[in-house]
Amino acid sequence: ALYSRTRNFLDGAVTCLSPWITHGYLSVREATQVLMEKYRLSFEDKLIFEFAWREFFKHAHAELGNGIFSDVRRPVWPGKYSQQLPDDIREGRTGVEAIDAGVAMLYETGYLHNHVRMWIASYVVHMRKVHWKVGADWMYAHLLDGDLASNHLSWQWVAGTFSHKPYVFNSDNVKKYAPRWDCSGTAIDTDYEDLESIARGKREVGREKRAPAVGVKEPIRHGFDLELLSDDLKRKTVDLRLQTGLEACSALISSLNKIILVHPWDLKACFELTQSSEIRVGLIDCAFHKAHPWNKHRWDFVLNAMETGCDQIWILNTDDIGHCSNMLSRFIQTDAKFELKETLNTGYATLAQCFPIRWIQEEKLLPNPPRFQQSFSRFYREATMMAGSLEEAIHGGLLVD
């Protein structure tokens, strides 16, 4: 009840579990199971409703694939959105306090309340006429819980390309949910009719005249670089892009029964027990991280877990199809079994072209509707009907496609 009443407030009772769920320390189903040991919950509870959004976005990602990076619906404004994020937004000096404080918080903590994410996205797209993907890519790089489907489809929902109308907000909305941020006298200090008119037209409000001259510095965004590794981690890292690395792995694998592969969205596996004839290997796909870079804070979050729990780290590049084929032919010749948790993240999702993988299904709370449900309400209605009750979903231990 407290979550339902306060979740929209900046200081509300939210779980802050999203970085741990995104990186696979626990699933939505496991989180729900733990909460149900203390609280009587059902599909009517707002917390479960919000948990289900994450599974809805995965449902959409599985259907749309790389289509999540393109407009699902026609934009609300037919003009040309900018492909560059203005420096005043990037540096948190727009003069709109909800935006500037949110940007500073993003860089400092790697986390933002969902309301603040929506405010920033709405301002970037509708007030400043920047294409939603430009903003989504920028925010994703700095979020510890950045999930491509949740992040990019949420930006599309705000933009109106994954919903029926643009999401807009005004200074009264900020005053209600984040009273310490005063946005009076700014471009958003107007009514919703005016804001929607701006969203659907060519007007770009620009930076506020009284905006601060100095803001915050954006952290560097990194594709994978060996310099991100600690000295200890470098010692157990093998670069499969090099022939010497591939040969070393082939020799090692010939004496093993199982290789447990761990990608950045399955970090719980770093801390599970292994048998004497098994090794646990963290994987880094350079192709993915070139397309979707992270700041150092997020890299440290992932690499620290791999350093603690993995016997080795393997670096590869799924864009190099010929080399991947060579890897696969070498590893097939061994008797070792390779296991990897399913993922929809590009590059990592295609690792079967590199290893003879047995995919481990991802644990879900809700069954996946057989047909694509483009709206959350239809998805939730269909999935909860299939599940029966929340207790059945939990105790059924669903492992579903």
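Threonine 237 sits in strand β2, residues 237–239. Strands are DSSP runs of E with at least two residues, helices runs of H or I with at least four, numbered from the N terminus. The model is predicted: local features need pLDDT of at least 70, side-chain atom pairs count only at pLDDT 80 or more, and totals for chains, interfaces and linings use all residues. Residues are numbered from 1 along each chain as its sequence is written, and side-chain values use heavy atoms, with hydrogens and water left out.

Threonine 237 counts as buried because its relative accessibility is 18%. Buried means under 20% relative accessible area, exposed over 50%, partly exposed in between (1.4 Å probe, protein chains only). Its side chain reaches the backbone oxygen of leucine 233 at 2.6 Å. Leaving aside residues up to four places away in sequence, threonine 237 touches Leu229, Ile313 and Ile315. Contact means heavy atoms within 4.5 Å.

Now the helices. The axes of α13 (residues 243–253) and α16 (residues 321–332) come within 10 Å and cross at roughly 20°. Axes are lines fitted to C-alpha atoms, for helices over the stretch in contact; angles run from 0 to 180 degrees between N-to-C directions. The two helices are therefore roughly parallel. Angles under 35 degrees count as roughly parallel, over 145 as roughly antiparallel, 65 to 115 as roughly perpendicular and the rest as oblique.

Next, α7 (residues 114–127) and α9 (residues 148–159). Their axes come within 9 Å and cross at roughly 60°. That makes α7 oblique to α9. On the α9 side, the contact residues are Trp155, Trp157, Val158 and Ala159; those of α7 include Met118 and Ile120.

Key
A polar contact is a pair of N or O atoms within 3.5 Å; within protein, one must be able to donate a hydrogen and the other to accept it, and residues adjacent in sequence count only if both atoms are side-chain atoms.
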